[in-house]
Each structure stands twice: as C-alpha cells, then as structure tokens.
Amino acid sequence: RKKVWLNYISTLAKETTELAKFYESKKTELEKIITDAKKEFAIWEEIVKTFNERFYVRFEVRLVNQEDVVLKEDTANLEFDYKDPNDTPVRKDKNSLLSILSKGEQRAFYILQLLFDVESRRQLNQKTLLVLDDIADSFDYKNKYAIIEYIKELHQDAIFKIIILTHNFDFYRTIGKRL
C-alpha cells in the first residue's frame, strides 16, 4: 500500500511543484485580500454590535456566515437569539422571528437593515440622500431615543443629507432640538 501511494504521489510531483511556485508568487496578493476582508468583517461586526447595544428588543443579532461575507462577497447571513422573558434564548431565522415580533420590534429589525445599507455607503464614501419616513413610528421611548441618536450621528457626517418625514410632532420637536 505504501508503495502504491508513494508511486501515485510521485506522479503529481511536477504539478505540486508548479502549484507551490504559483502560490509563492501570489502569496502577498492573497495576504492583502485576506487583510482587506478582515477589515470589512470588522465593519459588519460593528454594525451588529451597535444594533444590539442601542436597540431594546427581544432578540440579539448574530452574524453567522463570516467567511462568506468577507471572502465571497456574500450578503450577511443573520440569526437571532429570541429572548422571551424568563426563558432561555432560542435561535431563530429571519422569517420565524418576524412572525412573533410586535410591530415596533419588526421596525427595529428593519432599522438593522438600514444600518447595513448606511454603513456600507459610509465605507464607500458615497454621498447619499436619506429619506426617512416615520422612522420612529411605533417605537417605545428607548428605541426612539436610539434612532434619534443615530440620525444625529448621520447628520454630522458630511456625506449624508437627510430628509425626515413624520406625523409625530413630539418626534419632530425632539429631532429639531437634537440636530
């Protein structure tokens, strides 16, 4: 058996040597790609962390396909740990989570999507006009405050121009004071 394997491997010696040389010639380029990918992943991690820290909902967001996001330019695949009071967290996918959330919590979930879009535009330094239509509608006080703080941060970034539409005078007054 040993002789059979050694014989088989020896027939691949030329290809193995060529592959090793090719790898060596492309090694620095590959390292740069991996370094860039790690930076991009750090951005995705930061967005998830920001959402989990700022918004008060019954779920926590987790990024599960980290390698695919950074190396294969795949979209983020998120899972959610749903926390019912007095129960242990249960892992849910997007569709099953949305079916059990309140309207306010669903809106918070959509804010997460907005965070991804906005932050990707920020990374590309892409000038953007954001039109936010009743963005804080059906949020509780804590989540309204979180979104107001985020809007304030966007307002301070020169690449974003923001138009805010609302029927909520209290929200309008608060935004007016904060900005």
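Reply: In this predicted model, three strands make up an open sheet in the order β1-β2-β3 with antiparallel pairing, where strands are DSSP runs of E with at least two residues, numbered from the N terminus, and two strands pair if DSSP finds at least two bridges between them. The edge strands, each pairing on one side only, are β1 (59-63) and β3 (90-92), and from one strand to the next the twist averages 30 degrees. Between β2 (residues 78-82) and β3 the antiparallel pairing runs over three bridges, with Y82 standing opposite V90 in β3.

Helix α5 (residues 103-123) packs on the sheet, where it touches β1 and β2, and its direction makes about 150 degrees with that of β2; helices are DSSP runs of H or I with at least four residues, contact means heavy atoms within 4.5 Å, and angles run from 0 to 180 degrees between N-to-C directions, the axes being lines fitted to C-alpha atoms, for helices over the stretch in contact.

The axes of α5 and helix α6 (residues 141-156) come within 13 Å and cross at roughly 15 degrees, which makes α5 roughly parallel to α6 (angles under 35 degrees). On the α5 side the contact is made by I111, L115, V118, E119 and R122, and on the α6 side by I147, Y150 and L154.

As this is a predicted model, local features need pLDDT of at least 70 and side-chain atom pairs count only at pLDDT 80 or more, while totals for chains, interfaces and linings use all residues. Residues are numbered from 1 along each chain as its sequence is written, and side-chain values use heavy atoms, with hydrogens and water left out.

Key. Angles under 35 degrees count as roughly parallel, over 145 as roughly antiparallel, 65 to 115 as roughly perpendicular and the rest as oblique.
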